[in-house]
Amino acid sequence: MTTATEPGYADLPRLISLMTGDDKHQAAAESTVDVLWVLYDRVLDITPANFRSPNRDRFLLSKGHGPMAYYAVLTVKGFLEEAELPTWSNALSRLGRHPDRRRVPGVEISSGSLGHGLPLALGTALGLRARGLVSKVVTLVGDAELDEGSNHEAIVVAARSGLENLTTVVIDNQSSTRGWPGGIGRRFELEGWETRTVSGRDHASLYTAFTAPHPGRPLAVVAVVEPKEL
């Protein structure tokens, strides 16, 4: 389950609170915070020291319209300074309403226009495999974002390509207007992905879902979340 006393994790609500304004996309921040924390704290090898190394893991935030939790996690992990957070979305700040890979340390892709993260992650995973690298590639998408046709094409190709190094995390906060027969996990499973559905608040379950073997297949983790206060 979520452990509020985990070093660093307990700081996230305060750090997120430093970013204020009507354009904050609070729901997007609170729905992703636990998944982001588990990935950066326990699963992915991404640090300020190795971020330019070809051997690093890659994290691609496709759900880029609510990056406050992302910025907070990057701060705890040493990519950003806390003093910079209150400047977010200011015209002179590099912390925009959508993350910009050219300006924000630790950001792999510029995102916010939905439907791009999974196709980009697919290409990244294929590129790493062609270079003989075994780094993990994880992308985080929203449930409503799966309505984008580009995601469907990437789901099909990733499974047919046997991309074991690719993981897609779907934040399921019941925001999709169409849904999928049998649920989100079933959508990936039908195409040949390993699928796991867990609570998006339970750190132990998330860690197990991310790290249990899935030989020869990409992994889809559906993280089901309910609203909470930050």
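Predicted model: local features only at pLDDT ≥ 70, side-chain atom pairs only at ≥ 80, totals over all residues.
Residues are numbered from 1 along each chain as its sequence is written, and side-chain values use heavy atoms, without hydrogens and water.

**Pocket**

The largest pocket holds about 220 Å³ of space. I took a pocket as an open set of points on a 1 Å grid over the protein atoms alone, where a 1.4 Å probe fits, with protein on both sides within 12 Å along at least five of seven lines; lining residues have an atom within 4 Å of a point. The volume is the space filled by probe spheres set on the points, which are joined across faces, edges and corners. The lining has 14 residues, and Lys136, Glu164, Asn165, Phe210 and His214 lie nearest the pocket centre. Two or more lining residues come from each of α2, β2 (137-142) and α7 (203-211). Helices (H or I, at least four residues) and strands (E, at least two) are DSSP runs, numbered from the N terminus.

**α2 with α7**

I then checked how α2 packs on α7: the angle is about 60° and the axes are 10 Å apart. Axes are lines fitted to C-alpha atoms, for helices over the stretch in contact, and angles run from 0 to 180 degrees between N-to-C directions. That makes α2 oblique to α7; angles under 35 degrees count as roughly parallel, over 145 as roughly antiparallel, 65 to 115 as roughly perpendicular and the rest as oblique. In contact (heavy atoms within 4.5 Å), α2 gives residues including Asp34, Trp37 and Arg42, and α7 gives residues including His203, Tyr207 and Phe210. I counted nine nonpolar, two polar and two charged residues there.

**α2 with α3**

Helix α2 (residues 26-43) and helix α3 (residues 68-76) have axes that come within 8 Å and cross at roughly 30°. The two are therefore roughly parallel. Ala29, Thr32, Val33, Leu36, Trp37 and Tyr40 of α2 meet Met68, Ala69, Tyr70, Val73, Leu74 and Val76 of α3. This contact has eleven nonpolar residues, one polar and no charged.

**α4 with α5**

Last, I looked at helix α4 (residues 117-130) on helix α5 (residues 149-160), at about 30° with axes 8 Å apart. This makes α4 roughly parallel to α5. Leu118, Pro119 and Leu122 of α4 touch α5 residues including Ser150, Ala154 and Ile155.

Key:
Nonpolar A, V, L, I, M, F, W, Y, C, P; charged D, E, K, R; others polar.
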